[in-house]
Amino acid sequence: MTTATKDARLSQIADTFQKRYGKAPSVTVRAPGRVNLIGEHTDYNEGFVFPVAIDREMIIAATANGSDRINVYSLDYDACDAFVIPTSTGDDAMSAIAKSEKHAWADYLRAVIATLRKRGYKVSGFDAVLLGNVPQGAGLSSSAAYEVAVVTLVNNLDNLGISAKDAALIAQQAENKYIGVQCGIMDQFISALGKEDSALLVDCRSLDFRAVPLNLAWRDYAIVITHSGVQRGLVTSEYNARRAECNEGIQALSSMLGRKLNSLRDIDLAEFEKQASKLSDKVARRCRHVISENKRVLDAVAALESADLVEFGQLLNASHCSLRDDFEVSCPEIDQLVELSQQHDGVLGARITGGGFGGCTVAVVANKAIDSFKDEVIPAYEKLSGKHAEVYICVATDGAQVLEL
Ligand code: ADP
Ligand code: MG
């Protein structure tokens with residue numbers, strides 16, 4: 001990960017742009033990665049999530065080139081890509097831009113351009129340079145940051161008038177339909193709409209949302225993300241299996257209750273528990289996680305709003321237990337890291353974050369305990385697991401924006 005300051009990254013990108021294209025960029029945009037504080041595996045179940053946009057981001061500098069081509073250089077990969085913008089719209093536009101033969105990183109740009117054209121948006125040719133510092137493949141959604149940055153860029157270059165909510169939906173469709181990852185809306189939503197020092201309570205059914213101030217600096221706490229050093233494996237197959245198990249639960253509960261549930265949002269915990277024993281043990285546990293997690297999100301927001309940080313932390317811990325035992329998306333190393341974190345003085349709460357099966361934990365840690373967290377929890381974890389863990393201290397930032405340079 002690049003640790004350079006934002007100013008250093010911006011001048012690196014501007015210098016590279018000048019060298020490669022012999023001119024200055026006319027627009028520079030950023031879009032952040034994210035960490036979800038609570039509300040995991042609820043987004044594709046029409047539930048609640050509570051993510052923050054973090055100060056790790058994709059930056060793109062660009063200028064129109066007056067042609068029908070897009071030329072792009074990735075500083076992180078030291079590689080170029082170029083392709084022609086299709087004149088077609090609709091599904092033809094999706095198939096008119098093939099995936100890159102050489103560069104998987106270029107496919108996210110191609111995906112968004114194809115999706116914009118599918119929806120009939122004008123896209124004019126441009127030259128661009130990309131630079132990102134969201135850890136990739138760590139579950140902090142570098143892909144959503146990248147996709148939302150591209151929508152923000154084209155929106156500005158071609159003056160398309162796309163709202164932030166639509167930018168999120170376009171970016172999600174690019175990931176679903178072109179990249180082929182069936183993610184929910186959370187990652188792109190928070191990257192587009194995040195708010196400084198706040199988390200967003202998002203209702204993934206209606207897409208209504210509300211920024212909830214964290215006041216972390218004032219409260220003397222920080223968001224600490226730790227990468228367990230376990231690469232996320234089995235993600236696609238297990239993710240699809242969880243989705244299928246949730247759907248099985250919805251069907252079975254609908255017929256037991258004699259009313260059609262559209263999603264696990266349509267049943268509360270008390271009603272669910274009356275039926276749970278009639279479901280298979282596995283499906284019952286999957287549903288219990290989702291239904292109880294939705295409640296924990298709302299309880300966590302209420303706890304923050306009444307400044308009950310101890311309760312907030314306990315809800316994070318309870319979310320971890322539910323993800324570990326009922327949804328079964330944790331792994332032994334993450335469980336060790338979460339336990340060690342929870343036992344550390346100054347940690348309000350800790351849990352696995354992201355899709356699961358490795359990746360990152362998130363903890364809320366008192367500023368005065370951050371050094372001892374790094375000095376004690378991390379070595380203890382590394383000794384137990386044999387894995388190298390990386391710590392990112394994050395602040396909550398605004399969502400995607402055009403940078404005034
Ligand atoms: P995650 O979203 O959890 O970080 P993904 O596998 O969904 O992981 O997306 C990671 C991919 O996104 C990378 O393999 C790369 O292709 C692309 N990507 C992310 N950040 C950058 C970057 N800074 N430059 C180029 N491509 C990037
Ligand atoms: Mg991703």
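Biologist: Which residue meets the side chain of R265 in a salt bridge?

Modeller: This is a predicted model, in which local features need pLDDT of at least 70 and side-chain atom pairs count only at pLDDT 80 or more, while totals for chains, interfaces and linings use all residues. Residues are numbered from 1 along each chain as its sequence is written, chains are lettered from A and ligands numbered from 1 in the order in which they are written, and side-chain values use heavy atoms, with hydrogens and water left out. A salt bridge is a side-chain nitrogen of Lys or Arg within 4 Å of a carboxyl oxygen of Asp or Glu. At 2.9 Å, N to O, the partner of R265 is D203.

Biologist: How far apart do the C-alpha centres of domain 1 and domain 2 lie?

Modeller: The chain is divided into domain 1 (3-212) and domain 2 (217-393), with bounds from an automatic or database domain assignment. Between their C-alpha centres the distance is 27 Å.

Biologist: What is the area buried between domain 1 and domain 2?

Modeller: Contact (heavy atoms within 4.5 Å) joins 33 residues of domain 1 to 41 residues of domain 2. Buried area is the accessible area (1.4 Å probe) that two parts lose on being put together, summed over both. Carbon and sulfur atoms give 61% of the total, which is about 3,100 Å².

Biologist: How many residue pairs are in polar contact between domain 1 and domain 2?

Modeller: A polar contact is a pair of N or O atoms within 3.5 Å; within protein, one must be able to donate a hydrogen and the other to accept it, and residues adjacent in sequence count only if both atoms are side-chain atoms. The two domains also share 4 salt bridges. With both residues at pLDDT 80 or more, the count of pairs in polar contact is 18.

Biologist: Which residues come nearest to ligand 1?

Modeller: A residue is near a molecule if one of its heavy atoms lies within 4 Å of it. Of the 15 residues around ligand 1, the nearest are D76, Q136, G137, S142 and S143.

Biologist: Why does the pair D158 and K122 tie together parts that are apart in sequence?

Modeller: The structure holds 25 salt bridges, one of them between the side chains of D158 and K122 (3.7 Å, N to O). Helices (H or I, at least four residues) and strands (E, at least two) are DSSP runs, numbered from the N terminus. The pair ties such parts together because D158 lies in the loop between α4 (142-157) and α5 (164-179) and K122 in the loop between α3 (107-118) and β6 (126-132), a sequence separation of 36 residues.
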